[in-house]
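Hi there,

Here is the structure I promised to pass on.

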Amino acid sequence: MASAGVCLRPTAGRRAAGAEGRYHFVMSAEYLIKQYGLDQGALEIQYIEEFFLDFPRKKTAAEVVQRLSSRDHQILMAEAALPEEPGTFVPVSFKVSHELRGAETDPKLADLVAQLEDCVEFDGRRVLYQWIGGTRSDWRGQGHFRALTEEQEVWALENGFDELVVKTKNRFYEMRSTLAQLRFDIIRFVQHPTDSGESKVFFSKRLGQHVIDTHRSRRSVVRSD
Ligand SMILES: CC(C)(COP(=O)(O)OP(=O)(O)OC[C@H]1O[C@@H](n2cnc3c(N)ncnc32)[C@H](O)[C@@H]1OP(=O)(O)O)[C@@H](O)C(=O)NCCC(=O)NCCS
């Protein structure tokens, strides 16, 4: 049976520059976030990915379960009210991340680790890989992905992770810009032999209290197992 508890995070606002360069405090919206357990979360991911016309290959619930079941992971989803029906909330943004170890047996993950070998230290450290994520097009630019990222970072630090790693492609310009804005650093570029849009770009963020101190989203988080 599903169980849910509400955990209210400390509130945060946003500083904005005024006309004379003075700062004033603007209260930000509260983002509604659900953190799912594996089985329900996998179904939610399969459902929300159907809205992403720009995703080349959508993940099935079975693939999500297969990838995540033997490793520490987090499935986050942001919900927002439909503009035409303010009482109805729908999933609008998601983010799935999982532990990545230095010694992986799954060929895809082993290949990923090999590509990161000389720029990410795995020995004695916990690395969290941001596997999939996005925001539905009608809800982009409203801070949902920032809110999910900040929630992910809190969870990652609480769970002993040292670093977050993300892979994207050259042609995913929105994702590249967003990761830069969220203060991820580029750590590796893997050139595609014929199509530069397909070249891989790896980003990373080292975690610590200094990261949490930069957070500014106000979030209410419900855990649904
Ligand atoms: C990238 C994506 C997840 C951003 O989601 P979002 O909910 O619109 O992001 P947010 O509104 O939380 O924005 C986060 C930050 O990134 C910035 N940002 C978002 N989209 C941007 C864009 N297109 N260009 C430049 N900056 C951008 C925002 O200004 C914000 O910075 P701020 O908080 O300092 O103002 C969304 O555009 C998306 O799903 N794109 C398609 C995903 C994709 O390409 N996937 C392929 C596989 S990687």
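Two residues are taken to be in contact if their C-beta atoms, placed from the backbone, lie within 7 Å. Please keep in mind that this is a predicted model.

With that cut-off, and leaving out residues up to four places away in sequence, Ala78 touches Tyr31, Leu32, Ile33, Val92, Ser93, His144, Ala147 and Leu148. Ala78 is also one of the residues with the most contacts inside the largest nonpolar core, along with Val127 and Val165. That core has 35 residues, and strand β5 (residues 73-82) gives the most to it, with 5 residues. In soluble globular proteins, nonpolar side chains tend to be buried together.

Next, helix α4 (144-158). Of its 15 residues, 11 are buried, among them His144, Ala147 and Leu148, and these three also touch Ala78. The buried set includes charged residues as well, such as Arg146, Glu150, Glu151 and Glu153. From first C-alpha to last, α4 reaches 21 Å, close to the 21 Å expected at 1.5 Å a residue. After α4 comes Gly160, with a positive phi near 80°.

Finally, the ligand. It is surrounded by 19 residues, and the closest are Gly134, Thr135, Arg140, Phe145 and Ser177. Sorted by class, the shell has 11 polar, 4 charged and 4 nonpolar residues. β7 (127-135), α4 and α5 (173-181) each supply at least two residues of the shell, and the largest share, 5 residues, comes from α5.

Enjoy exploring it!

Best wishes

Conventions:
Residues numbered from 1 in each chain as written. Predicted model: local features only at pLDDT ≥ 70, side-chain atom pairs only at ≥ 80, totals over all residues. Near = placed C-beta within 6 Å. Helix = DSSP H or I, 4+ residues; strand = E, 2+ residues; numbered from the N terminus. Core = buried A, V, L, I, M, F, W, Y, C linked by C-beta atoms within 7 Å. Buried ≥ 20, exposed ≤ 12 C-beta atoms within 10 Å, placed from the backbone. Expected span 1.5 Å × (residues − 1).
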